Amino acid sequence: MKPSENLYDLIKSLTTDDTNFIKSSSQFHIKGKENKYAILFGEIEKQDVYDETDLIAKLNYTEDLNKFAFLKNYLYNFILDNLEGKNTFVRKKIRSKINQAELLIQKGLFDMAAELIDSAEEDSSKTQLFDLWIASLSIKKIIALHYRKPVAAIDKEVQKILKAKKSFLHYRRLFCLVRVKHHQSAFIRDIEQMKEFKEVHEEELLESDPAYNFHHKLFFYLSKGIVYYAKKDFAKSLILVNELLKMWDKYPWMIEVRFSAYFNTFFNKAQIESNFKQFSKAINSIRELNNKLNELNKENPFERYMVYNLWIRVYNMCGYFDEALKIIDEYKSTRDSLQRGNINPYSEQLYHFYVANVYFGVSDFKSANKHINEIINNSIEYNNDVTCIAQLMSLVIHYELGNSDLLAYRIKSVFRFLNKRDCLELTINHVLDFLRRSAKVKNSTKTDKDRFIELRAQIEQDLKIDPIQKDVIEYFDILSWLDSRIENIPFIEIAKAKSGHALKA
Amino acid sequence: MATSEQLHRLISHFTSSEKGYIKKYLNIDPVGNKKNILVFDVLEKQKVLNEPALKQKAGKEYAAIIDFLFSTALNCLENYHKNEKMGIRSSLNQIEILIEKNLYLQAEKIISKVKTLTEKNNYYDLYSEVAEWEITLLGSKPPSDELMKVFDRIFDKLEKDISKQEKAIDS
């Protein structure tokens with residue numbers, strides 16, 4: 001069995017500050033020589049790849065593997081305990097006050113416990129953390145009963161919080177469902193008729209009291225934002241993002257409580273602006289998001305990585321593949337700095353898809369092929385659209401590389417794959433037809449101009465018949481590719497011109 | 001009540017092993033003031049609070065030292081004792097740390113452990129906190145109809161728990 005790398009991953013995720021704290025805490029248990037677990041910590045820190053055999057040999061545990069397993073487990077818990085001790089995030093502070101109040105009650109120190117619990121109640125009500133708020137009030141009730149004080153007001157407050165929590169859960173659920181649906185596929189017709197989208201579309205905010213509705217509002221706006229975004233009503237999406245920005249301005253202490261929502265607000269802002277074809281604004285918003293991460297000392301490499309993802313996407317959307325190429329090394333190195341645990345199918349799929357698009361944009365088809373193959377061959381699956389478009393792009397790349405034999409062979413399997421995935425949109429079907437015919441011609445790169453013009457006209461027609469076809473083009477700009485072939489102009493020039501040279505200095 | 005009085009009262013309620021734990025902590029605190037230990041030693045021996053004696057040891061930093069010792073005493077007390085609920089709260093802190101570091105699989109392991117514990121004991125508020133992190137992590141999974149069902153199950157349980165809590169207050 002492969003040894004667990006949890007300890008290695010945890011140590012590698014530590015910041016310098018974390019490491020220094022843990023090292024100084026390890027002095028707590030020193031008797032004589034350095035602790036075994038401190039030595040193990042140091043040895044793992046030095047490793048670039050986890051090598052358990054080397055560690056066992058260095059620490060002389062070859063004859064006693066159970067003891068080594070125990071040591072690993074001890075060190076893992078020691079690190080977690082220390083990180084917990086060091087952290088000052090708001091939930092932990094409130095939990096700590098609750099714990100301490102409980103212990104003081106056990107010692108009969110009710111007055112001291114009351115002070116602590118008042119403070120916990122204040123913090124939890126300010127941050128509207130309902131569960132911690134209720135936990136604080138339940139201790140407050142014990143103290144009140146001890147002093148024979150009335151508890152009806154406390155019960156009433158708990159009832160009110162429970163009611164608010166119920167409304168919050170309603171929006172939280174809607175957000176989860178609509179987000180899943182949206183991430184599954186963009187190729188959804190009659191989006192307003194779909195149960196998940198319809199429910200959110202018709203929703204109005206239930207809880208109006210601002211002392212209880214921050215989290216409601218947050219998920220209400222986020223859910224509605226997804227619906228408008230899916231409907232391509234970017235004007236309304238932007239209104240919602242602006243509402244969210246106002247909320248963060250008004251309640252800055254909530255940034256820590258719901259950091260991922262805060263991150264997503266700026267992320268979505270840039271995303272919507274780019275869909276609105278406001279590419280310069282989108283690039284500025286991405287820079288702003290990057291600065292926010294610096295200001296808040298956010299060292300999580302995954303958030304940086306997602307920023308690069310978006311950055312590359314925006315450059316790709318407006319045809320500035322050359323600009324994307326300039327930051328591609330930083331993009332790659334940010335991805336390389338991610339720990340194993342950071343990598344998920346979503347981030348991986350996007351990475352390879354965006355990088356493939358950059359290389360396709362600068363006509364480096366071999367590199368584009370390499371990244372598309374990463375998606376296809378390794379079955380990196382998250383979004384069904386990307387999985388399907390990657391298959392189509394792969395065929396176009398082979399066409400560009402002049403691999404006509406391979407092209408003829410692959411078309412059938414791609415057709416079956418897309419059919420099975422319910423992804424054979426009109427446009428995709430027409431491109432497949434075109435490639436099938438091209439593969440029959442010996443030298444496929446010398447297909448005559450008329451056939452490109454014919455396919456272009458067909459796709460234009462598809463777009464008139466079915467608006468969903470626009471989504472296909474948004475993933476992979478087949479029209480610009482056809483224009484570049486028809487007019488014999490590099491793809492990048494056509495794409496830039498199409499965006500009106502959006503990022504022109 | 002002044003902090004010095006609160007601290008004196010608190011320490012006088014500590015067992016000898018709790019006091020020993022605080023002393024050990026003060027001794028290894030790498031950034032701690034040496035006077036912290038001196039003041040604690042004097043305070044611990046006082047049956048009745050004698051502030052002038054403490055001030056003599058602490059000098060000008062007296063107020064800061066007393067504040068520090070009070071919060072340290074509470075923190076040490078918390079670290080020294082861990083009952084089941086405190087253990088779960090500690091796990092919740094660790095889940096948040098692991099998620100912050102994007103170590104999702106490790107966070108999932110702790111979630112699954114404490115979820116069972118909170119469900120079994122009907123710790124509704126703690127279960128709800130665990131569920132919030134579980135929902136966060138599920139958000140990073142590939143989207144599927146099955147995932148939507150999982151979300152529904154979690155939210156249904158949370159809503160049922162609220163009804164139970166409401167009923168408990170009414171009765």
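**Terms and the values behind them**

Author: Chain A has 26 helices and zero strands, where helices (H or I, at least four residues) and strands (E, at least two) are DSSP runs numbered from the N terminus. The model is predicted, so local features need pLDDT of at least 70 and side-chain atom pairs count only at pLDDT 80 or more, while totals for chains, interfaces and linings use all residues. Residues are numbered from 1 along each chain as its sequence is written, and chains are lettered from A and ligands numbered from 1 in the order in which they are written.

Reader: Why is Ser480(A) called buried?

Author: A residue is buried if 20 or more other C-beta atoms, placed from the backbone, lie within 10 Å of its own, exposed if 12 or fewer, and partly exposed in between. Ser480(A) has 22 other C-beta atoms within 10 Å and is therefore buried. Its place is in helix H25 of chain A. By the same cut-offs, buried residues make up 42% of the 505 residues in chain A.

Reader: Which residues does Ser480(A) touch, not counting residues up to four places away in sequence?

Author: Two residues are in contact if their C-beta atoms, placed from the backbone, lie within 7 Å, and on that basis Ser480(A) touches Phe491(A), Ile494(A), Ala495(A) and Lys498(A). Phe491(A), Ile494(A) and Ala495(A) are among the buried residues of helix H26 (residues 491-498) of chain A, and what covers the buried residues of H26(A) includes helix H18 (345-361) and helix H25 (478-487) of chain A.

Reader: What makes H2(A) roughly perpendicular to H5(A)?

Author: The axes of helix H2 (residues 16-25) and helix H5 (residues 65-86) of chain A come within 10 Å and cross at roughly 110°, the axes being lines fitted to C-alpha atoms, for helices over the stretch in contact, and the angles running from 0 to 180 degrees between N-to-C directions. Angles under 35 degrees count as roughly parallel, over 145 as roughly antiparallel, 65 to 115 as roughly perpendicular and the rest as oblique, which makes H2(A) roughly perpendicular to H5(A). The contact is made by Asp18(A), Phe21(A), Ile22(A) and Ser25(A) of H2(A) and by Ile79(A), Asn82(A), Leu83(A) and Lys86(A) of H5(A).

Reader: How do you know that H6(A) is roughly parallel to H8(A)?

Author: The axes of helix H6 (residues 90-106) and helix H8 (residues 130-146) of chain A come within 10 Å and cross at roughly 15°, and that angle makes H6(A) roughly parallel to H8(A). Residues of this contact include Ile94(A) and Ile98(A) of H6(A) and Leu132(A) and Ile139(A) of H8(A).

Reader: What is meant by the largest nonpolar core, and which residues have the most contacts inside it?

Author: A nonpolar core is a set of buried Ala, Val, Leu, Ile, Met, Phe, Trp, Tyr and Cys residues joined through C-beta atoms within 7 Å. The largest one has 168 residues, and those with the most contacts inside it are Ile286(A), Val314(A), Leu392(A) and Met393(A). Its largest share, twelve residues, comes from helix H9 (residues 152-184) of chain A. Leaving aside neighbours within four places in sequence, Ile286(A) is in contact with Ala270(A), Val307(A), Leu310(A), Trp311(A) and Val314(A).

Reader: How many residues of chain B are in contact with chain A?

Author: 42 residues of chain B are in contact with 48 residues of chain A, and H9(B) gives the most to the chain B side, with ten residues.
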